[in-house]
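Me: I would like to go through this model with you, one topic at a time. Could you keep the answers plain?

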Amino acid sequence: MESIIKDDILPYLLSKGLITRHQHGFLARRSTGTQLIDCLNDWTLNIESKQSLDVIYIDFAKAFDSVVHRKLISKLTSYGISRNLLNWIDNFLTDRYQCVCVH
């Protein structure tokens, strides 16, 4: 069901310009690998043209785990997501627990 929801929301967000071409997560044919290639290309162009270059790394460890669900729902509402879809996402995020079992 999550995949169906993503497949429904993603084209909408892209068509409204709410996700840019610079984003690599959650987009087809994009990954941390393609992000690295883009960065390397930008860095190489800057160095070759003798431009100054600063690189800052930020590690958003467990970024999804730290999302405040009420704020996410509010943001989705401001993006035009409403009614049944918004209710489904809200219900999906409410009182959810996940665990991983090994062996």
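Me: To begin, which residues in H3 meet which residues in H4?

Reply: His69, Arg70, Leu72, Ile73, Leu76 and Thr77 of H3 meet Leu86, Ile89, Asp90 and Leu93 of H4, where contact means heavy atoms within 4.5 Å. Please note that this is a predicted model, in which local features need pLDDT of at least 70, side-chain atom pairs count only at pLDDT 80 or more, and totals for chains, interfaces and linings use all residues. Residues are numbered from 1 along each chain as its sequence is written, and side-chain values use heavy atoms, with hydrogens and water left out.

Me: At what angle do H3 and H4 pack?

Reply: Helix H3 (residues 69-78) and helix H4 (residues 83-93) pack at about 170°, and their axes are 11 Å apart. That makes H3 roughly antiparallel to H4, a term for angles over 145 degrees. The axes are lines fitted to C-alpha atoms over the stretch in contact, with angles running from 0 to 180 degrees between N-to-C directions. Helices are DSSP runs (H or I, at least four residues), numbered from the N terminus.

Me: Turning to charges, how many salt bridges does a search of the whole structure find?

Reply: The search finds two, a salt bridge being a side-chain nitrogen of Lys or Arg within 4 Å of a carboxyl oxygen of Asp or Glu. Arg70 and Asp90 form one of them, at 2.6 Å from N to O. This pair links distant parts of the chain, with Arg70 in helix H3 and Asp90 in helix H4, 20 residues apart.

Me: And which residue does Lys6 pair with in a salt bridge?

Reply: Lys6 pairs with Asp7, and their closest N and O atoms are 3.6 Å apart.

Me: Which residues in H1 are buried?

Reply: Ile5, Ile9, Leu10 and Leu13 are buried in H1, and what covers the buried residues of this helix includes H4. H1 (residues 2-15) has 14 residues and reaches 20 Å from its first C-alpha to its last, close to the expected 20 Å. The expected span is 1.5 Å times one less than the number of residues.

Me: What about the backbone: what is the phi of Lys50?

Reply: Lys50 has a positive phi of about 60° although it is not a glycine. Most residues other than glycine have a negative phi. Lys50 sits in the loop between helix H2 (32-48) and H3, and is exposed at 74% relative accessibility. Arg83, in helix H4, also has a positive phi, near 45°, and is exposed at 69%.

Me: Last topic: beyond its neighbours within four places in sequence, which residues is Tyr79 in contact with?

Reply: Tyr79 is in contact with Tyr12, Leu13 and Leu18. Tyr79 lies in the loop between H3 and H4 and is partly exposed, with a relative accessible area of 25%. The C-alpha atoms of Tyr79 and Tyr12 are separated by 9.5 Å, although the two residues are 67 residues apart along the chain.

Terms used
Helix = DSSP H or I, 4+ residues; strand = E, 2+ residues; numbered from the N terminus. Parallel < 35°, antiparallel > 145°, perpendicular 65-115°, else oblique. Buried < 20%, exposed > 50% of the residue type's maximum accessible area, 1.4 Å probe, protein only.
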